[in-house]
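Dear colleague,

Please find the structure below, handed over for your records.

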Amino acid sequence: MKFLRESLDKLEPLFHKGGRLERFYPVYEAADTFLFTPGSRTKSGPHVRDAVDLKRTMSIVVLALLPATLWGLWNAGYQMLRATQDLGLRPADVPHLKALWLGLYQFFPIYFVTIAVGGTIEALFSIVRKHEINEGFLVTSLLFPLTLPPDIPLWQVALGIAFGVVIGKEIFGGTGMNILNPALTARVFLYFAYPAQISGDLVWVAAAKSQWVDGYSGATPLGTMALYGYDQSQYLYSWWDSFWGFLPGSFGETSVPAILLGAGILIFSKIGSWRIMAGCLLGLVWTCLVFNALAPSPTHYLAVPAHWHLVVGSFAFGAVFMATDPVSAAQTDLGRWIYGFLVGALTVLVRVLNPAYPEGVMLAIIFMNVFAPLIDYYVTKANIKRREVRLGIQ
Amino acid sequence: MSAIKIRRGLDVPIHGAAVNRTPQDRRDVRQVALLPAQESRGIKARVLVEEGARVRAGQPVLVDRRDESVLYTAPVSGVLKTIQRGERRIVQNLLFQVEGQESEPFQAPDRFRASAAEVRAGLMRSGFWPCLRQRPFDKVALSTDTPGALFVTGTDSAPLAPRPFDLVAGREAGFRAGLEVLSRLLEPAGGGDRGPLYLCVPPGENWSPFVAGGAELRTFSGPHPSGNVGTHIHFLYPVGPSRRAWHIDAQSVADIGDLWLTGKTPTDRVVAITGPAAKSPKLVRTRRGASTLELLQGEIQAQQARVVAGSALDGVLAAPGSAGGYLGRFTNQLTLLEDQTERELLTWALPIAGRFSATNLLFDKFFRKRFKFDTDENGSLRALVPVGQYESVMPLDILPTQLIKALASGDTDTAIKLGVLELSEADLALCQFVDSSKQPLTEWLRNTLTAIEKED
């Protein structure tokens with residue numbers, strides 16, 4: 001330990017002003033503060049500080065994502081076994097380790113490409129801009145692969161994350177300054193650039209084409225709903241299957257319990273905004289109730305009740321991990337409620353009323369990312385007005 | 001009497017509160033100082049006595065050329081040893097060696113019958129006028145000004161702060177006389193309605209023997225910053241570009257009253273010596289402006305300690321032996337903190353680190369009540385990531401994230417609209433405490449306030 005510290009201290013002058021590796025200071029700083037606490041002391045102001053820092057914050061978000069990730073690995077393997085070997089394979093009969101291994105085999109290349117491409121871009125921007133490498137990418141780099149289907153080509157992964165990091169974040173000035181959620185920007189880019197592979201019409205199951213099983217129906221629950229509405233006789237998956245996540249889909253999105261576990265971690269640690277999550281839920285339930293009341297027939301898509309909307313597609317994942325991104329969401333407490341509510345409402349709106357897109361969460365969140373500053377603007381304006389009234393200016 | 005309950009905020013669980021309620025006598029301090037630069041921001045000082053001159057307690061030694069009728073007087077009887085100047089010859093401190101017990105005779109104008117102008121003039125002569133501070137800007141009150149309201153702070157919720165009730169215990173008569181004097185300051189020069197005089201106190205203390213001069217008692221309860229004067233002003237008389245309030249601490253009120261009653265300049269100050277690096281945290285009665293070098297002899301239990309005049313959140317450096325190493329005019333406590341930080345391996349990944357966090361990212365707080373805080377920033381400088389941490393400690397109707405962004409970009413217009421004029425460093429200190437980005441928020445606040453003052 002001491003040796004490590006001493007070697008780092010020995011290297012440090014190289015990265016300082018005038019040192020040979022001056023330009024790479026952000027890289028040194030990232031490694032140095034990753035290994036050791038920065039040790040910087042307060043100069044004035046509050047002489048003591050809370051123990052929270054961005055490293056800790058971001059690593060807890062990664063921790064919160066782990067249950068969904070592990071489930072995603074297992075489920076990717078399970079779906080692959082199911083599609084290639086035995087359509088009737090029940091979750092309980094799956095060789096779990098084999099499923100995990102198969103899932104990891106699919107997931108790891110995607111994750112690795114994300115880290116390699118995104119991380120390099122991140123480091124390059126830090127070096128050119130002379131600011132420190134931000135821990136936010138830890139989260140982005142895990143969020144993004146989790147929104148991808150297991151069969152995505154790796155070049156699309158690379159292109160997507162590059163677009164997300166550059167357009168979603170760096171052109172605005174990096175972590176803390178971005179308007180859009182970078183992981184979501186990357187995902188949306190792929191969605192519109194390569195709709196055939198990623199829109200969800202095709203089966204999201206990892207399997208080589210040669211192994212394709214005849215008669216395996218590949219529609220996702222949302223695709224089924226778009227076709228048959230609330231005609232449950234046509235559904236391939238039960239509500240409980242959808243709840244637990246025994247269905248094909250992107251890595252992270254399928255299991256509601258795993259995502260709820262993550263939500264619990266985020267809310268308990270006070271890092272994720274419970275207001276946004278609750279707002280999303282309220283918005284979705286409210287819109288569903290209105291739609292249910294308007295439904296012309298009990299099997300119409302409008303009649304699909306809220307408890308189905310909650311468990312299919314990636315609503316849970318989006319509401320817990322994507323919409324709560326503190327930087328791209330609304331930043332006032334009241335604004336967070338409004339923002340969340342609209343995300344939930346828009347999700348149902350896009351799913352049910354828009355024939356082009358079976359899934360609406362991603363679009364709802366990115367749309368509300370754009371509108372979050374406007375919500376904050378009006379909340380702020382109300383605050384200013386209250387102050388003026390108090391002071392007797394108005 | 002009405003109570004105002006604060007819900008949002010944070011009591012920083014720091015180790016080392018003073019144990020005794022009655023102060024120990026530490027008036028043996030021989031060196032005391034006046035700190036004009038620190039107490040009156042931007043002072044243009046003209047020193048009235050020369051180095052080596054003998055002075056009596058209460059004898060004028062300095063005026064601020066921006067407001068010449070306000071006199072700064074010697075805190076003790078003794079010899080003016082040195083005048084220490086800093087950058088651009090700003091007077092940092094006037095250092096006195098205590099000798100004798102002479103006091104400048106003070107002819108107190110009758111606090112009931114004299115005209116308001118005479119009472120004002122008396123206070124300006126007394127040397128206690130600079131104890132009055134004004135919001136906006138948190139600076140010494142202008143002698144030509146009449147405030148809309150005057151706040152006496154009888155509560156202090158800052159970490160480890162002593163109870164003002166203990167600091168003025170036994171001085172009821174003086175305190176009442178002080179309030180009577182202060183109430184006269186609220187009379188507008190041209191006649192008309194007098195603004196309110198508030199005495200803000202915590203719940204559960206019997207302040208009624210202290211009330212006089214038409215002062216209204218207001219109770220503030222809840223976590224820090226329920227005892228900050230900025231909070232009191234926000235709830236009772238919010239200030240802005242066109243409204244000003246003044247405030248003063250409890251001990252100074254009793255000092256003013258005693259001066260009026262006895263004609264002798266009070267020279268004592270009760271302070272609490274607190275903090276994790278204090279050997280035995282306690283309340284002591286010492287001299288106003290006492291040297292921390294002398295006062296803290298044998299009180300520090302750390303190899304390298306930081307001495308802060310004030311609380312760990314909003315105090316200023318008072319390193320023993322340095323130019324600022326004396327009790328300030330408003331100091332109620334000294335906080336001693338360990339100032340030697342070590343670089344620990346991979347702590348960010350551990351759920352337990354022996355440190356406190358307002359978030360639940362660290363589990364230490366679930367099985368520990370008090371923490372030995374040191375001066376470690378606990379992180380490196382990063383971009384602001386607003387996860388709602390500021391809102392959770394901001395009880396005022398102010399949008400902290402938006403305000404902080406305005407401060408960061410130096411946008412004075414927006415900052416004024418968002419209420420920057422209501423704040424001082426103490427009111428934003430908690431936001432900076434809980435911030436994960438470790439950005440200098442209170443420094444931005446002061447820069448913005450200074451910029452606004454210059455624009456006017």
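A salt bridge is taken here as a side-chain nitrogen of Lys or Arg within 4 Å of a carboxyl oxygen of Asp or Glu. On that basis, six salt bridges are counted between chain B and chain A. Please note that the model is a predicted one. In one salt bridge, the side chains of Arg387(A) and Glu422(B) meet at 3.3 Å, N to O. Polar contacts between chain B and chain A amount to 29 residue pairs, both residues being at pLDDT 80 or more.

On the chain B side, at least two residues each come from strands E18 (305-309) and E19 (316-317) and from helices H8 (400-408), H9 (412-417) and H10 (425-434). The largest share, four residues, is supplied by H10(B). By class, the side of chain B that touches chain A holds 35 nonpolar, 21 polar and 20 charged residues.

The contact as a whole draws 76 residues from chain B and 58 residues from chain A. About 6,000 Å² is buried between the two chains, and carbon and sulfur atoms give 53% of that area. Within chain B, the most area is lost to chain A by Arg343(B), Trp348(B) and Arg382(B), together 15% of what that side buries.

Chain A also carries a nonpolar surface patch of about 610 Å², made by Ile267(A), Trp274(A), Leu282(A), Leu334(A), Trp337(A), Ile338(A) and Leu342(A). Helices H12 (274-294) and H15 (333-353) of chain A each give two or more residues to this patch. H15(A) gives the most, with four residues, and Leu342(A) is found in that helix.

With kind regards

Key. Residues numbered from 1 in each chain as written. Chains lettered and ligands numbered in written order. Predicted model: local features only at pLDDT ≥ 70, side-chain atom pairs only at ≥ 80, totals over all residues. Heavy atoms only, no water. Contact = heavy atoms within 4.5 Å. Buried area = accessible area lost by both parts, 1.4 Å probe. Polar contact = N/O pair within 3.5 Å; in protein donor to acceptor, adjacent residues only side chain to side chain. Nonpolar A, V, L, I, M, F, W, Y, C, P; charged D, E, K, R; others polar. Patch = residues over 30% accessible without salt bridge, like charges linked within 9 Å, V, L, I, M, F, W, Y side chains within 5 Å. Areas by Shrake-Rupley, 256 points an atom, 1.4 Å probe, with all protein chains shown as cover.
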